[in-house]
Amino acid sequence: MNELFGFTRDVIKERYALRTPSGFVASNLPEWKNVISVVQISQGMGARFCQLLITFQSQAKGAGKTGELEQFVYVLAGNCEGHIGGKQHALSTGSYVYIPPGKDWSFENAQIETQLLIFQKRFETLPDTGSPPVIVGHEGKIAGQPFLGNEDARLQVLLPDKPDFDMAVNIFTYAPGATLPFVESHIMEHGLVMLKGQGIYRLDSDWHPVQIGDVIWMAPYCPQWFVAMGKTPASYIYYKDVNRPPLA
Ligand code: UGY
Ligand code: MN
C-alpha cells in the first residue's frame with residue numbers, strides 16, 4: 001500500500017516511545033567500525049539505559065571495555081565471534097552474551113548483515129552482592145514457561161534470577177489472540193524489540209499496532225498491555241531493571 005509522505009507510526013512521549021525501522025537514523029559509535037549503528041533508546045528520551053542495533057558490514061568490528069557499565073548482547077540475525085575477557089565464543093542467531101563491568105570485549109569475523117541488539121546500563125552494586133559472571137547462552141536452550149498459568153503466553157528468562165543481577169532480559173511469545181493478563185504498571189523500565197508477528201500494544205492510554213522490528217521504550221509506571229493478532233505467534237525480547245531498592 002502506498003503511504004503518502006509525512007506519515008510515521010513513531011511516537012515519542014514522556015512515558016513511552018514507539019520507534020519503527022523506517023525512522024531509524026544511523027550514528028557513529030567510537031567502539032564500532034564498519035557497522036551501521038542505531039541508538040534505539042537512550043537518556044535523550046528519558047530512559048536510564050541504552051539500546052543499540054548494530055548491523056555488520058564488510059570487515060566490521062566492535063571492541064571496548066565495559067568499565068562501570070554492563071551490557072547484554074543478543075544476536076538478532078547472522079553469526080559472529082565474541083571475545084569476552086580473553087575467551088572466544090561462536091555466536092549464531094539467538095545467541096546472547098551478558099558482559100559484567102570491568103571486562104574487555106570484542107565482536108568480529110561476522111557474516112555481513114549480522115545484527116546485534118545491545119542493552120547497556122550502569123551496574124548498580126549492593127553492599128552484599130558481587131559482580132555477576134559472564135553468561136553465554138542461546139535462546140533455543142531456554143524453555144518457555146507459561147506466564148501466570150497461561151500456556152499461550154510463554155516467557156523465556158535468559159539471565160539468572162539472582163540478586164547479583166540488576167537487569168533481566170526475557171523473550172515473550174504469544175499464540176495468536178493471547179494477551180498480557182492485565183494492564184501492568186510497575187517500577188521497572190522496559191526496552192523492547194518485536195522479533196516476530198504482530199499485535200496491539202497499549203502504552204499509557206494509547207493503543208498502537210506493532211510488528212517485527214518495532215522498538216518500544218516504557219518508562220517506570222507506564223501502563224502496558226499486549227494482544228497478539230494475526231495468524232502466527234508474536235514475540236518480543238525485552239529488558240528490565242530488577243533487584244535493586246527504589247531509593248539507592
Ligand atoms: O516482565 C514484565 O514486566 C512483562 N510482563 N512486561 C511486558 O511484557 N510489557
Ligand atoms: Mn512489564
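Asn150 is partly exposed, with a relative accessible area of 27%, and by that term I mean the range between buried, which is under 20% relative accessible area, and exposed, which is over 50%, with a 1.4 Å probe and protein chains only. Asn150 sits in strand β13, residues 150-157, where strands are DSSP runs of E of at least two residues, helices are runs of H or I of at least four residues, and both are numbered from the N terminus. Between the C-alpha atoms of Asn150 and Trp225 there are 15 Å, while along the chain the two are 75 residues apart.

Before I go on, please keep in mind that this is a predicted model, in which local features need pLDDT of at least 70 and side-chain atom pairs count only at pLDDT 80 or more, whereas totals for chains, interfaces and linings use all residues. Residues are numbered from 1 along each chain as its sequence is written, chains are lettered from A and ligands numbered from 1 in the order in which they are written, and side-chain values use heavy atoms, with hydrogens and water left out.

Val39 in strand β3, residues 32-41, is also partly exposed, at 27% relative accessibility.

Now to the metal. Which residues are the protein donors of the manganese ion, ligand 2? They are Glu184 through OE, His186 through NE2, His190 through NE2 and Gln224 through OE1, at 2.2 to 2.3 Å, and donors here are N, O and S atoms within 2.8 Å of the metal (3.2 Å for Na, K and Ca), with water not among the atoms, so sites may look incomplete. The spacing of these donor residues in sequence is E-x1-H-x3-H-x33-Q. Distant parts of the chain are linked by one pair, His190 in strand β15 (residues 190-196) and Gln224 in strand β19 (residues 224-229), which are 34 residues apart. His190 and Gln224 are both buried.

Turning to the backbone, Tyr221, in the loop between β18 (215-218) and β19, has a phi near 70°, a positive value in a residue other than glycine. Asn243, in the segment after β20 (234-241), likewise has a positive phi, near 65°, and Asn243 is partly exposed, with a relative accessible area of 36%.
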